[in-house]
Amino acid sequence: MNRTRMAISTVDDVVRFVGQMSMVSNPLSVVWHAGEPLVTPIPFYEQAFERFEAGSPPVPAQHNFQTNATLLNDDWCRFIKRSSVRIGVSIDGPKHIHDAYRVDRSGRGTFDKVMRGIEKLREHDIPFGTISVITRTALGQADEICEFLASLGSVRVCFNLEEAEGAHRHSTLDDEDLRAQARRFFARAAELLSGTRKVTVREIENMQHHLSAPPGNLVMRGDNRPGAILNVDVAGNVTTLSPELLGQFHPTYGEFIWANVHKDTWSSVLQNPDFLHVMRDIETGIEQCSKSCGYFAVCGGGNPSNKLTELGTLAGTETQQCRLHVQAVADVLLDLLENAQLAARTSPSTDVIQCSES
Amino acid sequence: MSDRDVVAARIDAVRRAFAAGQPLSGSAYCNKSADVADHTPSTGPAGTLTPTYPAPAHAFAAPSHAQSDESTGKPKSNISSDISDLDNCTTFTDFVNWSDFSNWWHLVT
């Protein structure tokens, strides 16, 4: 096991690296993740957060933890609240669904520990979002999962359809057309969470935004757009685009490490031949997506990491992730919006939308 | 008409209805109406598929420690990855999309 922890000097160089980039958003969204971030003790984050504020120039940051919540205690909650850290909790659903995959090193389900962590968040009045991975089994249990998530008090529910990506080479959702099931799942989420409970569901909300954009607009994705997302590992190695690329090796594309914060700048990335090779193929893939996919206007060309894992190339087009996590959601929302628009033409006071489960 | 064209036409029709200000505000799903204020304009020129370099950095993902390459006896999976303290990667959407990250999807305007 590699227990190497990011050095504070690396944080300093991250701040310098980012500070030298033009057009950095204010605040910059900083997400501590990949492995459990709460394994690293509070003093590290106290120092790290201070470094962002004291940088030259300072980099105003909104820090986020994506956590399994099992280590949350009163000390962590006080720190989270004091530092206004945003919290995302990974929980897949009720106990039997969650514990089917989320286990500790001894194989025991972690649901009870996660719920204790969530209870701590509630005690301290800390808002949190949730992310649930949906496997093939879970795909058929939408009602149970949605009712459970609604009961948690999450401010934002997110569903990750299990996908082959990065180190996770195969998914239980591979090799079969599960789009109809995915449509049914998201239709129920739209009805039970977005509709009945007024809970924000990331997939529904995002797609609604895309579908309500002015005609002719295209979506540009952060994961296929250089610089929209920076990914830095414990040693200061830098990549951009899909974060899952960091740490991978591909015989055609190499290591996906295009700079290091200790010695390089953003310009180093833009001049790196391996990066330019990757971008050429990604742009080829996006162009092919634009020609071949009817959903392109609400997608933006797919996730490079999914393409690489599923198709073996960044220049490819449709993936299972496209079918289940983009197209299925779009289908559901198109049905809902078309019904709503039809109803609006006949009755301007329509308040109810029927969910199609086709 | 191909499946692709049918879908594209449906998307265009829904957008045109929004742009025309059809009264959808009574719906839980349609309360945005024609308001597209959340669509942060990108730096790219209109209609382009090619990003402008350098693009803005909107998010920075920073592992606080190294990812482990030691097998824990479980499949390397984005399902269980965030359970054990130093397991392998979480998914992209795990950490980007949750964080109320309004700039994550961009419309070219």
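**Reading a predicted complex**

Reply: Let us begin with burial, where buried means under 20% relative accessible area, exposed over 50%, and partly exposed in between (1.4 Å probe, protein chains only). Asp331(A) has 7% relative accessibility and so counts as buried. This is a predicted model, in which local features need pLDDT of at least 70 and side-chain atom pairs count only at pLDDT 80 or more, while totals for chains, interfaces and linings use all residues. Residues are numbered from 1 along each chain as its sequence is written, chains are lettered from A and ligands numbered from 1 in the order in which they are written, and side-chain values use heavy atoms, with hydrogens and water left out.

Me: In which helix is Asp331(A) found, and with which residues is Asp331(A) in contact, leaving aside its neighbours within four places in sequence?

Reply: Helices (H or I, at least four residues) and strands (E, at least two) are DSSP runs, numbered from the N terminus, and Asp331(A) belongs to helix H13 (residues 320-346) of chain A. A contact means heavy atoms within 4.5 Å; leaving aside neighbours within four places in sequence, Asp331(A) has contacts with Arg179(A), Arg183(A), Tyr295(A) and, from the other chain letter, Arg10(B). A polar contact is a pair of N or O atoms within 3.5 Å (within protein, one must be able to donate a hydrogen and the other to accept it, and residues adjacent in sequence count only if both atoms are side-chain atoms), and the side chains of Asp331(A) and Tyr295(A) make one at 2.5 Å.

Me: Is Ser292(A) buried or partly exposed?

Reply: Ser292(A), in helix H11 (residues 273-292) of chain A, is partly exposed, with a relative accessible area of 45%. Not counting residues up to four places away in sequence, Ser292(A) touches Thr317(A) and Arg4(B), and a polar atom of its side chain lies 2.8 Å from the backbone oxygen of Gln288(A).

Me: Which residues touch the most other members of the largest nonpolar core?

Reply: A nonpolar core is a set of buried Ala, Val, Leu, Ile, Met, Phe, Trp, Tyr and Cys residues joined through side-chain atoms within 4.5 Å. The largest one has 107 residues, and Trp32(A), Phe65(A) and Phe159(A) touch the most other members. H13(A) gives the most to this core, with ten residues. Beyond four places in sequence, the residues touched by Phe65(A) include Trp32(A), Trp76(A) and Phe79(A).

Me: Why do the buried residues of H1(B) lie on the same side of the helix?

Reply: In H1(B), the buried residues are Val7(B), Ile11(B), Val14(B), Arg15(B), Ala17(B) and Phe18(B). They cover an arc of only 160° around the axis (the arc of the directions from the helix axis to the C-beta atoms), which puts them on the same side of H1(B).

Me: What is the mean pLDDT of chain A, and what does chain B average?

Reply: The pLDDT is the predictor's confidence in each residue, from 0 to 100. Chain A has a mean of 86, with 91% of its residues reaching 70 or more, whereas chain B averages 42, with 19% of the residues scoring at least 70. Over residues 23-109 of chain B the pLDDT is below 50. Where pLDDT is low, the predicted coordinates should not be read in detail. Among the elements of chain B, H1(B) has the highest mean pLDDT, 90.
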